[in-house]
Amino acid sequence: VLPVPNRTVLAPATTSELCSMLEWTMTQTHPCVIRYPRYLETKSECSTEPIFIPGKWQTVRNGDDITLVASGTAVMTAVKAAEILDTHGISTKVVNASCIRPVDAEFFSKQSKPWFTVEEHMLTGGMGAYFTSLAIQKQWKTPSGCFGIGEMFLQHGEHNMLMKDAGQTPEQICDHIVEILKRENGYA
């Protein structure tokens, strides 16, 4: 989906965001893709309900040390990981990248602290790979890490069990971030 030129790619975090996206796409004349799973949260667990604005990302949790940029249902995972990171003394901002393409160029141009991507998608050809490539091309700060589904086949089963098998629980993401920050920046 991402390699196709001039295509908008969206990923809602909640059903209300999906409804906003559907309404918006009906007014567009160019191709739009909405990536969403079989289930979506009907109500956001974020402090404020994500508001869909094409090409603009929404901060759903403030923090000063690092940023987690998440899409779709991974936004809730990122919020939970941020809460765990707080216990390690790492203040974490969470951003809902509901519009994967076009990206929020303002976010990239202002990013100076470590940041990570979180998605429930294959890493190969996914959001994190796309953002990393774009950041390199534009000479923006690249992510310190990308969290998603690695080179593996996921079995059918209960969602939380599958995410654990893929290393995508909030606790697993937190553990990896702490290790990366220790190695690269002397945090924690």
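The following conversation walks through some local features of the structure above.

Biologist: What kind of model is this, and what limits apply to its features?

Modeller: Residues are numbered from 1 along each chain as its sequence is written, and side-chain values use heavy atoms, with hydrogens and water left out. Local features need pLDDT of at least 70, side-chain atom pairs count only at pLDDT 80 or more, and totals for chains, interfaces and linings use all residues, since what we have here is a predicted model.

Biologist: Is Thr169 buried or exposed?

Modeller: Thr169 lies in the loop between α5 (159-165) and α6 (170-185), where helices are DSSP runs of H or I with at least four residues, strands are runs of E with at least two, and both are numbered from the N terminus. Buried means under 20% relative accessible area, exposed over 50% and partly exposed in between, with a 1.4 Å probe and protein chains only. Because its relative accessible area is 14%, Thr169 counts as buried.

Biologist: Which elements do the buried residues of α6 pack against?

Modeller: The buried residues of α6 include Ile173, Ile177 and Leu181. Seen down the axis of α6, these buried residues fall within an arc of 170°, taken from the directions from the helix axis to the C-beta atoms, so they line one face of the helix. With contact meaning heavy atoms within 4.5 Å, the elements they pack against are β4 (66-70), α2 (74-87), β7 (115-122) and β8 (145-149).

Biologist: What is the relative accessible area of Gln139?

Modeller: Gln139 sits in the loop between α4 (127-138) and β8, and has a positive phi of about 60° although it is not a glycine. Most residues other than glycine have a negative phi. Gln139 is classed as exposed because its relative accessible area is 74%.
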